Structures are given as C-alpha cells and as structure tokens.
Amino acid sequence: MTAQPVTIFDGHNDVLLRLHRRAGGDPVAAFLDGEDAGQLDFVKARKGGFAGGLFAIFVPPVRKKNADGTQAGLTTSDAPAVDLAEAQRVTFAMAALLLRIERESQGRVRICRNVADIEHCFANDTLAAVLHIEGAEAIDTNLDVLNVLHAAGLRSLGPVWSRPNAFGYGVPFRCPSSPDTGPGLTDLGKALVAECNRLRIMIDLSHLNEKGFWDVAALSNAPLIATHSNAHAISPHSRNLTDKQLAAIKESAGMVGVNYAVSFLRPDGKQDKDTPANLIVDHIAYLLDHLGEDGVGLGSDFDGAMIPAELGSAAGLQILVEAMEQRQFGKSLIEKVCFRNWLRVLGRTWQAN
Ligand code: ZN
C-alpha cells in the first residue's frame, strides 16, 4: 500500500443517479455518512484518494411494462426517447441533490466551476464536484435551459447518452461492434456544440457514435474529450474508441478517461465482475501509447457500471496506483494519469471561466 494516497480526479460517476433512485432514508446523509451499498460516497472517496470528479446527471429510460405487468428488459438499442418535462424533472432533482450535498457537507464538498476551485478543494481536503449532464434531453430547442444550468454550475455535457434525442444519435451498447452505428448530430446538436463552445462548457464524446464524434471534431474549438471510454483495439465494444478517433483526440490536445466498466474493458465484452483490475492498466498503457503522457486520465463510471470486484469501489482506487507502480510508471506519469491531465484539459476548455 502506498503510504500517502495519490490524489485522484475522475472523469465520470453516476452516484447522483444511485442516490436519486435510492429507496428510504435521506440520500444526502447516505452520501455524506457513507453506506455499504454503492461504489462511491464521501467515506469511500476519502479512503481511496478520490479527491473529485465529474458528477453526472443522467435521466434513466422510462421502462416499459410487459403484458403481465412485470418490467420489460431494456437495452440501449430500444431505449425510448425521454420527453422534455420528464427529463427536466429528473435533471433538476439530481442537480438539487448535488446542491444539497454541498450545502449540508459543512465545507467537505464543493461544486467547482473552474480549475482554481478544484485546486482550492485539493489544498483544503474538500471533495471537488463538477456538474455534468449525460444526454441533453432536459435542454429545450432554444437552449435556454443550457444557459440556466450553466449559471447553476454546469461545466460539462454529453449531447447524447446511448439513445437518440433531439441533438443526435447515441451509440447503442454492442460487442463486438464498430462505433459507427448510425447518423451523428442533428442541426440542433450542432447548434448545441456551438453554444457549449461559447459558454466554455466541456463537450463529452463518450456516448456519441462515430459520426457524432466526427461532427463534434469538425465543429468544436475545444480539446476533444471522452470522459469514460476505452481502447477499441483491446475491447471491441461500440462504446470504445478506435485508433483513428484516438489520433484526432491527440491532435486536439484532448484526453480520454479510462472506464472501469468490465464490459468496456474485456476483449469479450462480457459482464463478469471477476475481471482483473490490471486490465484497466492495460487500457491506460495502450491509450498512453496513442495519446501521449498528457492525454490519459481516469473515468471510473462508479455507480453506473459493473466494475472489477478486485477494485470494488472508490475505496479501492489505490490498487490502480499500485498496479501502475508495478509496471514501472514513474511518479510524474502516475500523477498525470490520476489528476494532472484532467486539470490541464479542463483548464484549457474552461479558459474564459
Ligand atoms: Zn456513461
């Protein structure tokens, strides 16, 4: 065990979704006091060196009922579009959860709007939370809600989750599959990219299909960033990035946050928790070869995916640091992967903030 945990800044978690769906008790207290369930809360974060990250708001699909009243199974391929009112109800509820966590944390959690905020959190042992929306379903066609959310602290946005919406077509989960699964951004999606550039909101490429990826690459003036995706060359999942996409990310001085979801790590794409955590480091090493030392970070997908049992939760994060040390990654490279690259790329993206 490393004596002092290495600071980790993380590109993606779904703890707000877990708390939003949690039955019984106060979800804010459950986060701040910690609980057995789940992969991320304040206590697990402290234990594992998780010092901050992007906290996603995600509007889950409204599940259809079977004829007998049981819930129908749902894959991303048949995930229905979510309407604006429902998306806004859920989005505001999850944003309110994060605002309450900040308010009730007595200085232990802070919503960060720029890199100076994050650095201040690191220096003061405060958990740094950046507000992200995964899928822009809550945003109206005038983009008014985007401006309101920005004023409330939103600093990162994925135009789509893995389903179609007014802004574009997400990539359905398939393995093996190319990420080239359909049309990309709509005209409204292109307007959203331009408005995000204007507001300096980070645009997340992770759930876009390949055409959507190239649409953003052609339009955006910001570094290209996939907050929680892996190398398609190792795991040929539709959610992962091809070498050609990695080359474009490198060219833009952007980055990729490595995702711990076993189905995006494994060559067979299987949902199997007995997946070695070392496979995460295989993806990190591959991405470092293709993106360079400044282009790779972490993007756990905590509370949004099945992760290797060996890692377990945010409390286990330092085993990744140990695995990197065992592969002779030096201290400076480990720090780049663990937090410095995120801070540099977010700084460039948010430069006007
Ligand atoms: Zn995701």
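Predicted model: local features only at pLDDT ≥ 70, side-chain atom pairs only at ≥ 80, totals over all residues.
H207 has a relative accessibility of 5% and therefore counts as buried, where buried means under 20% relative accessible area, exposed over 50% and partly exposed in between, with a 1.4 Å probe and protein chains only. Residues are numbered from 1 along each chain as its sequence is written, and side-chain values use heavy atoms, with hydrogens and water left out.

I begin with the metal site. Which residues coordinate the zinc ion? The donors come from E134 (OE), H207 (NE2) and H228 (NE2), at 2.0 to 2.2 Å. Donors here are N, O and S atoms within 2.8 Å of the metal (3.2 Å for Na, K and Ca); water is not among the atoms, so sites may look incomplete. Along the chain, the spacing of the donors is E-x72-H-x20-H. The histidine pair links distant parts of the chain: H207 is in the loop between β8 (202-203) and α8 (210-219), and H228, 21 residues apart from it, is in the loop between β9 (225-226) and α9 (243-251). Helices (H or I, at least four residues) and strands (E, at least two) are DSSP runs, numbered from the N terminus. H228 is also buried, at a relative accessible area of 1%.

D14 sits in the loop between β1 (8-13) and α1 (15-21), and its relative accessible area of 4% makes it buried.

I turn now to the helix packing. How do α12 and α13 cross? The axes of α12 and helix α13 (residues 331-349) come within 10 Å and cross at roughly 150°. Axes are lines fitted to C-alpha atoms, for helices over the stretch in contact, and angles run from 0 to 180 degrees between N-to-C directions. That angle makes α12 roughly antiparallel to α13: under 35 degrees counts as roughly parallel, over 145 as roughly antiparallel, 65 to 115 as roughly perpendicular and the rest as oblique. In this contact, V321, M324 and E325 of α12 meet I334, V337 and C338 of α13.

On its other contact, M324 is among the α12 residues that meet α11, together with L320 and A323. Their partners in α11 are N278, I280, V281 and I284.

Key: Contact = heavy atoms within 4.5 Å.
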